[in-house]
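Please read them with the structure open.

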Amino acid sequence: MAGRGRAPWWMVGLLLAGLVGCGSTGSDAAAADVQRLLDRRARAVLDDSESAYVATQEPSGERAAARTEFERLRALPLASWSYRVTGFHRSGDRATADADLRYRIDGYDKAPLVAARTLSLRRADSRWYVASDRPAEDAGEQLWEQGAVEAVRGEHSLVLGVGQTAEALRGYAQLADRAVPAVQEAWGEEWPKRVVVLVPKSLEKMAELLGAPASGYRGIAAVTTGETGGAAQAPADRIVVNPDAYAVLGDFGRQVVLTHETTHVATRAQTTAATPLWLSEGYADWVGYRGTGRAPAQAAPELRDAVREGRMPGGLPADKDFEFGGETGGLAQAYEAGWMACRLIAERWGEVRLGEFYRAVGAHGRREGAVQTAMREVLDTTPEKFTERWRAYLRSQLG
């Protein structure tokens with residue numbers, strides 16, 4: 001359920017290098033002028049100056065829309081807000097700029113969230129102005145672009161919603177506030193221990209935030225966005241809720257989902273390209289169900305039915321088995337299989353060893369040999385022996 005990956009940082013560097021190295025002197029000067037314009041726009045946001053923000057908008061354009069956008073931004077407790085021009089294309093008094101918007105939520109983000117933007121610009125009276133500011137191609141919308149934002153602060157959480165009642169948002173905050181200490185108890189202290197939850201109006205609006213088709217998230221209650229292997233400079237995580245799927249869950253299911261997603265936030269820095277999805281998703285489910293008393297036959301109905309019908313999995317699920325948009329039963333079975341693998345490790349080797357195994361796999365850096373090495377060094381076993389034990393565990397717990 002966790003989103004993975006972003007454009008590599010070196011690509012941004014190449015784009016910037018191209019911006020400086022090509023084009024006429026006049027284009028370079030215009031690009032520098034636009035960067036200064038966006039610096040003023042950013043300063044206006046941080047200074048809470050509506051007049052300064054609106055002054056960066058094209059005079060004959062949508063200044064009323066700029067005022068509306070500025071008012072929506074006021075709901076965000078911002079610690080930083082800046083633009084970085086990465087591409088510039090001019091045609092007379094009109095231009096288009098590609099830019100990275102970087103912003104950080106005060107008290108929650110250790111590093112900025114980075115959003116790719118495309119800005120249309122117009123020159124008038126010897127000055128550049130913003131005509132429009134929209135997501136770059138294939139990039140997701142930002143929550144404030146979908147409507148007025150309401151913020152609810154919890155003890156360990158910040159919930160930002162559009163088209164939701166304050167009561168509903170407080171409910172999300174309560175669940176997130178219970179999830180954070182539960183994850184801390186299982187995983188440890190080395191993470192921020194705070195989460196930001198985005199609650200759009202609908203499944204379609206969730207998909208627009210993620211920049212993806214809605215069909216891929218139908219039935220998925222929530223996802224976590226971010227960059228795996230996150231160092232201190234990695235973009236901030238967001239838990240994005242699908243309110244349509246979330247609404248059909250009971251209180252127990254809602255808590256498991258928020259705890260699952262919060263686990264992804266906690267484990268992000270130790271989750272790398274070496275980490276298989278059966279481990280990252282299985283561990284998040286293990287934390288979600290930890291201490292609930294929910295038996296495997298109750299929590300893993302798809303896998304239970306498969307085992308009882310003689311369709312025993314031959315091995316742990318592959319990454320492709322976790323793809324959204326496929327057969328719902330197959331996806332559920334993959335999650336359940338990963339959970340049962342982590343549950344087996346916690347029961348057989350202990351909860352501490354489970355955490356050590358997770359970290360050891362991620363520390364390997366590349367997929368090849370990661371699980372094999374970690375199983376040998378942490379669990380004193382092999383993938384073949386573990387798979388055999390796991391299949392026997394499925395028979396004993398679900399058969």
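1. Aromatic pairs. In this predicted model, the count of aromatic pairs is 17. One of them is formed by Tyr 289 and Trp 339, with 5.0 Å from centre to centre and 45° between the planes, a tilted arrangement. Tyr 289 belongs to helix H9 (residues 277-289) and Trp 339 to helix H12 (residues 328-348), so this pair ties together parts 50 residues apart in sequence. Tyr 289 is buried, at a relative accessible area of 19%; the cut-off for buried is under 20%. Trp 339 is buried too, with a relative accessible area of 2%.

2. A second tilted pair. The ring centres of Trp 349 and Phe 386 are 6.2 Å apart and the planes stand at 35°, so this pair is tilted. Trp 349 sits in the loop between H12 and helix H13 (351-363), while Phe 386 is in helix H15 (residues 383-398), so the contact ties together parts that are 37 residues apart in sequence. Trp 349 counts as buried at 15% relative accessibility, and Phe 386 is buried with a relative accessible area of 0%.

3. Other ring contacts. Trp 81, Tyr 83, Tyr 103 and Trp 144 are linked into a cluster by ring pairs. Two arginines also sit over rings. The charged end of Arg 348 is over the ring of Trp 349, at 5.0 Å from its centre. Arg 194 lies over the face of Tyr 108, and here the distance to the ring centre is 5.1 Å.

4. Helix H4. Which residues of helix H4 (residues 63-73) are buried? They are Ala 66, Glu 69, Phe 70 and Leu 73. These residues cover an arc of only 100° around the axis, which puts them on the same side of H4.

5. Strand E6. Six of the six residues of strand E6 (residues 157-162) are buried, so the strand is largely enclosed by the rest of the structure. In a regular strand, side chains alternate between the two faces of the sheet. In E6, Ser 157, Val 159 and Gly 161 point one way, and Leu 158, Leu 160 and Val 162 point the other way; all are buried.

6. Neighbours of E6. Strand E5 (residues 149-153) and E6 run antiparallel and are joined by five bridges. Val 152 is opposite Val 159 of E6. Val 195 in E7 is the bridge partner of Ser 157. What handedness does the β-α-β unit made by E6, helix H5 (residues 166-187) and E7 have? This unit is left-handed, a point to check on the displayed model.

7. The model has 23 salt bridges. In one of them, the side chains of Arg 117 and Asp 133 meet at 2.9 Å, N to O. Arg 117 is in strand E3 (residues 113-124) and Asp 133 in strand E4 (residues 127-135), 16 residues apart, and the pair links distant parts of the chain. Arg 117 counts as buried at 2% relative accessibility, and Asp 133 is buried with a relative accessible area of 16%.

8. Salt bridges between partly exposed side chains. Glu 351 and Arg 290 meet in a salt bridge at 3.0 Å, N to O. This pair links distant parts of the chain, with Glu 351 in helix H13 and Arg 290 in the loop between H9 and helix H10 (296-299), 61 residues apart. Glu 351 is partly exposed at 37% relative accessibility, as is Arg 290 with a relative accessible area of 26%. Asp 319 and Arg 367 also form a salt bridge (3.0 Å, N to O). Asp 319 is in the loop between helix H11 (301-308) and H12, and Arg 367 in the loop between H13 and helix H14 (370-379), so the pair ties together parts 48 residues apart in sequence. Asp 319 is partly exposed, with a relative accessible area of 27%, and Arg 367 counts as partly exposed at 35% relative accessibility.

Key. Residues numbered from 1 in each chain as written. Predicted model: local features only at pLDDT ≥ 70, side-chain atom pairs only at ≥ 80, totals over all residues. Heavy atoms only, no water. Phe/Tyr/Trp six-rings, centres within 6.5 Å; stacked < 30°, edge-to-face > 60°. Helix = DSSP H or I, 4+ residues; strand = E, 2+ residues; numbered from the N terminus. Buried < 20%, exposed > 50% of the residue type's maximum accessible area, 1.4 Å probe, protein only. Lys NZ or Arg CZ within 6 Å of the ring centre and 35° of its normal. Arc of directions from axis to C-beta. Pairing = 2+ DSSP bridges. Right-handed = clockwise from strand over helix to strand, strands pointing away. Salt bridge = Lys/Arg side-chain N within 4 Å of Asp/Glu carboxyl O.
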